[in-house]
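Here is a short briefing to read alongside the model.

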Amino acid sequence: MSWLVRLFDLRDTLVRMVLLDLTGLCYLLVVPHSTSTPTTAQWVLAVPAFTVALAAHRRPVVNMVAQTALLAVAISLIDDFTINQVGASWALLEMTMRARGPRAIWLATALLVMVDLTDSIGDPPRRFASGVVGLAVEVGVPVLLGLVIRANRELSRQAVERALAEQRQHESESRAARADERSAIARELHDVVAHHVASMVLRVGVARHVLTDLDPRVGEVFDDVHGTGTAALAELRRLVAVLRNPDGVRGDAALTAIEPAALPAAIGASIDRARQAGVTVEADLDPAIGSLDAVRGMAVLRLTQEALTNVAKHAGTSAVARLVVAVRDGAVHWEVADNGRGGVPAGVPAGGGHGITGMRERVEVLGGLLEAGPTETGWRVRTVLPATASEPSTRSLPRDRAASAGSPAPEPA
């Protein structure tokens, strides 16, 4: 029955009315009548019926009342009132399909029944009974067909709702499964990988301070291994935190990494896209960003992309944006300011890591705090991403200073 629902789609009412009017015209002009041509009274009653059907195709109540009134007049004035009878029956069909509740349907049905029966008042019993039976076609069929279409439409709506509910349930189960998998990975990282890495870093630290007469080149190797291991522990600590709290960031954004050497080029590409959109961008990029760790590097890139997109959206393409990314004492100082109209950005879509909320969540995962708000000339958003545990690196210290500073045991992730 789905073809029936498509045939009587609520959006195609005008098409059905046009076809109905064309059928009525063919009936008047082509089908033989008792007289050689349709009478003037037939045309006088048919033309308003055609006009009302088109004009009120989206107002079933108005169409129903008008067509029923024209039928009542036609019954009292002319012998062949087929046009008006079909118009009233079709109006009842449209009313049944579109009515919000059953009360309107039964009131319209009763109205048409009473009007149709006026043609049989005063007739002999046999002819009156024939008129009553004719109501099955004139009234019963439109109502029955309309109710069938309504039922099929409701079943289709319920099927769509069930499909959406199943999809939501499937997505929820998938998220739960991913959360369990992340928790398992976090446990493995913490209990196995981080433990062994911390043990290696500790042993290297002890060795480089106990063995004081080593060749300087060997000492440099020890320093490099110790610094690299400490940095690895910091990365593991961040990844474990993200894996254990997947809701802290939108989706998998925090787990996406970028090669440090590729970060300046990626930021430059974002700046070029903003300039292509019409925004004037002044960039001050510290060359040291090319040595950032993967997690903070991706954060800087995503923050820059979102901030420049917001400038184009809310400050307008005539605005001038200034991007500053600097590395000081291992911490990343990031800021984007514009000279737009200022005010709190509105209409920024939430979800997928977009918007001020997504930026703030990304920064907080890395231990920073995002500041966003209007300035005297426009809007500014900025943050400081703290240094990792390995910065500043002890490789930059002289051997004797490193030795005097001691080598505390690194915390496990």
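The protein chain of this predicted model has a secondary structure of 12 helices and five strands. Of its 413 residues, 36% count as buried. Among contacts with a separation of 6 or more, 72% come from residues 24 or more positions apart.

**The sheet**
- The five strands form an open sheet with mixed pairing, in the order β1-β2-β3-β5-β4.
- At the edges sit β1 (280–285) and β4 (371–374), each of which pairs on one side only.
- From one strand to the next, the twist averages 10 degrees.
- β1 and β2 run parallel and are joined by six bridges; in one part of this pairing, Val-281 has Ala-321 in β2 as its bridge partner.

**Helices on the sheet**
- Helix α9 lies across β1 and β2, and its direction is at about 165 degrees to β1.
- Helix α10 also packs on the sheet, where it touches β1, β2, β3 and β5.
- The direction of α10 makes about 10 degrees with that of β3.

**Nonpolar cores**
- The largest nonpolar core has 34 residues.
- Ile-267, Val-300, Trp-334, Val-336, Met-359 and Val-381 have the most contacts inside this core.
- At least two residues of this core come from each of α9 (263–276), α10 (294–315), β2 (320–328), β3 (331–338), α11 (355–365) and β5 (379–385).
- The element that gives the most to this core is α10, with 10 residues.
- There is also a second, separate core of 19 residues, which includes Ile-75, Ala-88, Val-115 and Val-139.
- As a general background, nonpolar side chains in soluble globular proteins tend to be buried together.

**The α4 and α6 pair**
- Which way do α4 and α6 run relative to each other? The axes of α4 (residues 60–77) and α6 (residues 102–117) cross at roughly 10 degrees, and angles under 35 degrees count as roughly parallel, so α4 and α6 are roughly parallel to each other.
- The two axes come within 10 Å.
- On the α4 side, the residues in contact are Met-64, Thr-68, Leu-71, Ala-72 and Ile-75.
- They meet Ala-108, Leu-111, Leu-112, Val-115 and Asp-116 in α6.
- Ile-75 and Val-115, which take part in this helix contact, are also included in the second core.

**The surface**
- The protein chain exposes about 22900 Å².

Note on methods. Residues are numbered from 1 along each chain as its sequence is written. This is a predicted model: local features need pLDDT of at least 70, side-chain atom pairs count only at pLDDT 80 or more; totals for chains, interfaces and linings use all residues. Side-chain values use heavy atoms; hydrogens and water are left out. A nonpolar core is a set of buried Ala, Val, Leu, Ile, Met, Phe, Trp, Tyr and Cys residues joined through side-chain atoms within 4.5 Å. Buried means under 20% relative accessible area, exposed over 50%, partly exposed in between (1.4 Å probe, protein chains only). Helices (H or I, at least four residues) and strands (E, at least two) are DSSP runs, numbered from the N terminus. Two strands pair if DSSP finds at least two bridges between them. Axes are lines fitted to C-alpha atoms, for helices over the stretch in contact, and angles run from 0 to 180 degrees between N-to-C directions. Contact means heavy atoms within 4.5 Å. Accessible areas come from the Shrake-Rupley method with a 1.4 Å probe; for residues, only the protein chains shown count as cover. Angles under 35 degrees count as roughly parallel, over 145 as roughly antiparallel, 65 to 115 as roughly perpendicular and the rest as oblique.
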